[in-house]
Amino acid sequence: MNFTKKQITITSIAAILIIAAGIGAFFLLNSGPSAKTAWDEYSKAWEKKDYEAMYNLLDSKSKSETDHDTFVNKYTNIYNGIEADQLKIETKDIVDGDGGKTAAYHFSADTLAGNVSFDQSVQIVKEDDTYKISWSYAQIFPQMQNGDGIQISSEEAKRGSILDRNGKVIAGDDQAIVVGVVPGKIKDEEDLSTLAKRLDINVDSIKNAMQASWVKDDLFVPVKTISKDTDIKIDDLSGVTTQTTSARIYPYKEICSHLSGYVQTINAEELEKHKGEVMTAIH
């Protein structure tokens with residue numbers, strides 16, 4: 001079969017047009033919002049704590065299960081409560097999943113309790129030619145469910161013990177004895193002078209402690225804390241009693257002060273040098 005030059009030219013043009021149409025259709029079908037675009041927009045809003053924008057990107061099912069105010073308030077209350085800051089969402093992968101795409105990501109944030117991070121994934125579903133986020137409470141924290149809350153509690157750190165190479169305590173916590181008085185039970189003022197001598201303190205310090213605004217006749221007024229091993233006689237003194245407390249002990253006292261640290265009176269020169277700084281008075 002013989003083809004003319006004109007026929008070949010027309011055939012070539014037609015082929016080019018068909019290919020062009022196919023390419024155009026491909027780009028037309030794939031030029032709309034993608035799952036990655038939707039996720040990028042959502043994760044950026046999350047990092048900025050823009051909960052309104054996040055909610056607007058949820059799918060209809062998620063919105064029907066969690067209304068706008070509940071969603072916004074949940075994030076606001078939890079993140080404010082834990083003082084979440086420096087949020088970062090790192091996308092690890094986006095793959096095909098059931099009914100759409102699945103985005104795997106790593107979440108991290110600085111909080112009141114330190115850095116919090118976890119790995120999680122989220123479904124990205126297609127709705128009306130656009131992609132939306134299928135949200136659940138597990139996006140806040142992996143183990144979280146509807147109705148769960150976050151509670152912050154703090155515990156005072158316990159000071160560690162300082163030991164020498166033989167395991168003997170240089171500084172540590174132990175029980176101590178607080179010697180004090182119950183004003184309403186004091187029958188003889190001389191008992192205060194006797195107590196002061198036995199504790200090696202000034203009697204005026206006892207009287208001053210008893211004059212504090214909170215003191216009542218039936219309340220225990222602490223006078224001095226002593227070692228639990230201190231041998232002191234008080235049962236012959238009216239109104240004098242003891243209580244047990246925890247205390248920091250230094251068995252070697254001044255001998256090991258260069259290891260355990262110490263507090264001393266500040267002089268005028270040092271006080272002027274640190275003027276304006278926060279200081280705590282020790283009585």
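How many nonpolar, polar and charged residues does the lining of the largest pocket have? I counted by class and found nine nonpolar, eight polar and six charged residues in that lining, with Ala, Val, Leu, Ile, Met, Phe, Trp, Tyr, Cys and Pro taken as nonpolar, Asp, Glu, Lys and Arg as charged, and the others, Gly among them, as polar.

Before going on, I note that this is a predicted model, in which local features need pLDDT of at least 70 and side-chain atom pairs count only at pLDDT 80 or more, while totals for chains, interfaces and linings use all residues. Residues are numbered from 1 along each chain as its sequence is written, and side-chain values use heavy atoms, with hydrogens and water left out.

I looked up the volume of the largest pocket and found about 660 Å³. Of its 23 lining residues, Arg 248, Ile 249, Tyr 250, Pro 251 and Lys 253 are the closest to the centre. (A pocket is an open set of points on a 1 Å grid over the protein atoms alone where a 1.4 Å probe fits, with protein on both sides within 12 Å along at least five of seven lines; lining residues have an atom within 4 Å of a point. The volume is the space filled by probe spheres set on the points, which are joined across faces, edges and corners.)

I then traced the lining to its elements: strand 8 (240–249) gives the largest share, five residues, and strand 6 (169–181), strand 7 (221–227) and helix 8 (257–260) each supply at least two. (Helices are DSSP runs of H or I with at least four residues, strands runs of E with at least two, numbered from the N terminus.)
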